[in-house]
Each structure stands twice: as C-alpha cells, then as structure tokens.
Amino acid sequence: MNVISMVSIWIIPSIVLLILLIAVIKKLPTYELFVEGGKEGISMAVSLLPYLLGMIVSITIFRSSGAMDALIDLFQPVLHRIGIPSEIVPLSFTRPLSGTAALAITADLIKTFGPDSFIGRLASTMQGSTDTTFYIITVYFGAVGIKKMGDALKVGLIADFVGIITSIIIVSMVFSN
Amino acid sequence: MVNYIWAGLAIIGIIYAMFNGTMEEVNQALFSSAQEAVTLVLGLVSVLIFWLGLMRIAEKAGILSVLAKVFKPFITKLFPEIPKDHPAMGYILSNFIANLFGLGNAATPMGIKAMEEMKKISQSNRASRSMITFLVINTSSLTLIPTTVIAIRIQYESSAPTEIVGTTIIATLLTTIVAIIVDRIFHFRRERKIRR
C-alpha cells in the first residue's frame, strides 16, 4: 500500500519536472509555450459545455423519473439467471451513463455489504475496470465536432458488458474461498 | 444515433414521470443537472489549461515524438491509418499512459488533442476508424491503480484495501482485448458493406 500511494503521489510532480527540465535544457520559452497551450484549454472547455450539459440533463431526467429503476427491475430476473448478482445490476446499468452516480453506488455497496464481501470486491473491480462510455464519447466527439460516430457507442457498450461479466468471473475465481 | 438516444432518454423519462408521479423530481433534475454540468466543465477548465499548457511544452521539447517512437511497433498495429511519426501518436500514447496511472484528469485533455489530430488526418465529421478504436480503448478503461476505489475501501475499513488491484487489472486487460477484437470485427463488417 505504501508503495502504491507513494507512486501515485510522486508521479504527477515527476512528470512535470521531467517535461520542464528537458524544455529548459533545450532552451525553449517554457512559460510562453505553457500560456499558449493553456489558452486552448479555455476554448475547448467552452465548446464542450453544451455537449456535456445536454447529455447530463437528459440522463438525469431518465434517472430521476424512475424510468432507470424500472428498466433495472425489468432486467434483474433475466440477469440473475445468467449469474449476475441482483445487487450489482444498478451499478452495471449506471456505470456507462454517469461516472459520479456509479461512484456513489459503488461507495454505497461497499458501505452496505462491507469492502471485503463478495459484492464489495465485485463493485470495486467493476468500478475500476470499465469507464463512463457516454461521457467519453460525448466529450471526445463533442470537442472535435464529430457528428457521425459510427460503431463507437455499440462497441463501447459491448465492452462495458464484457467488463461486467469478466469482473464477476475473475472476482469469483480469485476470492472463491 | 446520438440524436435518438439523447431525445429518447429525456422523452421516456418525462412520459414515465407523468404516470408515476415523479414529475417534481424531474422538474428539479432539469435545473440541478444543468448546474451540475456547468460545475463539471468549470472543474475541467483548470485541468485543461494546466495539462494542455504543459503538453505544449512537451510537444515542442520533442518528448511526444520520442514517446511515439518507443511504442511505435505496438501502436501502429492498433492504428494503421495514422502515419508513423504523426503527432496524433504522441497524444494517443500520453492519453494511454495517463489512464494507466489513473490520472483521469490529465488523460482527458490529451485524448481531446489526439482526437483533434486524428480529425486532421480524416478531414471529415464522421468518426474515423482510428477514432473509434481510440474511444473504445478508452471506454474499456485502462487502469493499473484504481485510486478512487482504494480510497473508498480504506474509508470503510477494508482489511486489504488494495486486494482488488489484481482483479481490476485482469478485468481491465481482458475487457480491453475484447473491445479491440470487437472493434476490428465491426471495422471489417463496415468494409465489406462498402465493397458490396
């Protein structure tokens, strides 16, 4: 644990140091380059806002109306039959849609069942092993103005589903005792 | 497709609320979530400015192209459309590396830059093959150390907060491999359709 937390504390400052050192050795105008690149960040964030706002509002309407829970209830028996524990179903539906909501559900599962329970370990693994597909697609395609996204969403969601299944298999295998 | 999904989520939500007495929640959600999105982007602004500023230095210092060269054999197989020494490669790699170390904050700006560069190659508003591959790898998540989850586990007094690192890495790895394979299958299906 100590090593891991050490690494995660040191890594960013080390990257910053490395980049700046090399730039200074090469006699680059570091500060001016930083400002120049940083300015791009402002326009990027501004152009991103409507994409994200639209998507987040729509997803939140869906969730807060209870339609999301109804959908989860609908799928729960089917998913239970193929071996997906029903406690984990809400998390698996939320994970691709909303990162913050998924994190809240994971925290709640860990709190309720305990971090060292099967559900706790499974939720932890699932949270770490897939990402918020909708957010990534919205941000990346939105930022550069891609209108036709091809198979990206389909493949992304298939990957999420595979992530859930592999998490269940691996957690059951590793922590089987 | 995104248009249908977007409108569909909201339409289903509002109609569902009509019949289930949750209109008040929906009404509240409309405004609180819009606010939430602004807060999210504001939080992103600082990160974007910092990392894009730093990456500009890294790019000019030639660090990105060195990075692209080192991982070239591996990455050219994944992205056959991208010319070998194109800056897109450097950004793609920086994004992967940032993701691997759990620096989600730094990964996003580099990912956007990578997309920009890939758009310069494709010159179209349609998602190119490399863009889809790049996105799919990102959505399947590349994590070595799931820091947030470990923090939550510590908070709830796990006896071994890091015991899930191994399972997470294996799950991530398998998911990413499957994602790449599925992406390839979809790509060749598209190609066949065009040829017909």
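In the predicted model described here, B:Glu157 sits in the loop that joins α8 and α9 of chain B, where helices are DSSP runs of H or I with at least four residues, strands are DSSP runs of E with at least two, and both are numbered from the N terminus. Although B:Glu157 is not a glycine, its phi is positive, at about 55°. The residue is exposed, with a relative accessible area of 70%; exposed denotes over 50%, buried under 20% and partly exposed the range in between, with a 1.4 Å probe and protein chains only. In chain A, A:Lys27 lies in the loop between α1 (2–25) and α2 (30–64). The phi of A:Lys27 is near 55°, again a positive value in a residue other than glycine, and A:Lys27 counts as exposed at 75% relative accessibility.

Because the model is predicted, local features need pLDDT of at least 70 and side-chain atom pairs count only at pLDDT 80 or more, whereas totals for chains, interfaces and linings use all residues. Residues are numbered from 1 along each chain as its sequence is written, chains are lettered from A and ligands numbered from 1 in the order in which they are written, and side-chain values use heavy atoms, with hydrogens and water left out.

The secondary structure of chain A consists of eight helices and zero strands. The radius of gyration of chain A, taken over C-alpha atoms, is 21 Å, well over the 16 Å that the globule rule gives for 177 residues, so the chain is more spread out than a compact globule; the rule itself is 2.2 Å times the number of residues to the power 0.38. The C-alpha trace of chain A spans about 65 × 45 × 25 Å along its principal axes, and 51% of its 177 residues count as buried.

For chain B, the assignment gives nine helices and zero strands, and its C-alpha trace extends over about 60 × 55 × 35 Å along the principal axes. Buried residues make up 48% of the 196 residues in chain B. Contact being defined as heavy atoms within 4.5 Å, residues 24 or more positions apart account for 58% of the contacts in chain B with a separation of 6 or more, and the corresponding share in chain A is 61%.

Within chain A, helix α6 covers residues 118–129, and its 12 residues should span 16 Å at 1.5 Å a residue, which agrees with the 16 Å between its end C-alpha atoms; the expected span is 1.5 Å times one less than the number of residues. Of these 12 residues, 11 are buried, so α6(A) is largely enclosed by the rest of the structure. Among the buried residues are A:Ile119, A:Arg121, A:Leu122 and A:Met126. The cover over the buried residues of α6(A) includes α4 (89–94), α5 (99–113) and α8 (152–174) of chain A, together with α8 (147–155) and α9 (164–195) of chain B.

In chain B, B:Leu48 belongs to helix α2 (residues 23–60) and is buried, with a relative accessible area of 1%. Leaving aside neighbours within four places in sequence, B:Leu48 is in contact with A:Gly41, A:Met44 and A:Ala45 of chain A as well as with B:Gly53, B:Pro109 and B:Ile112 of chain B.
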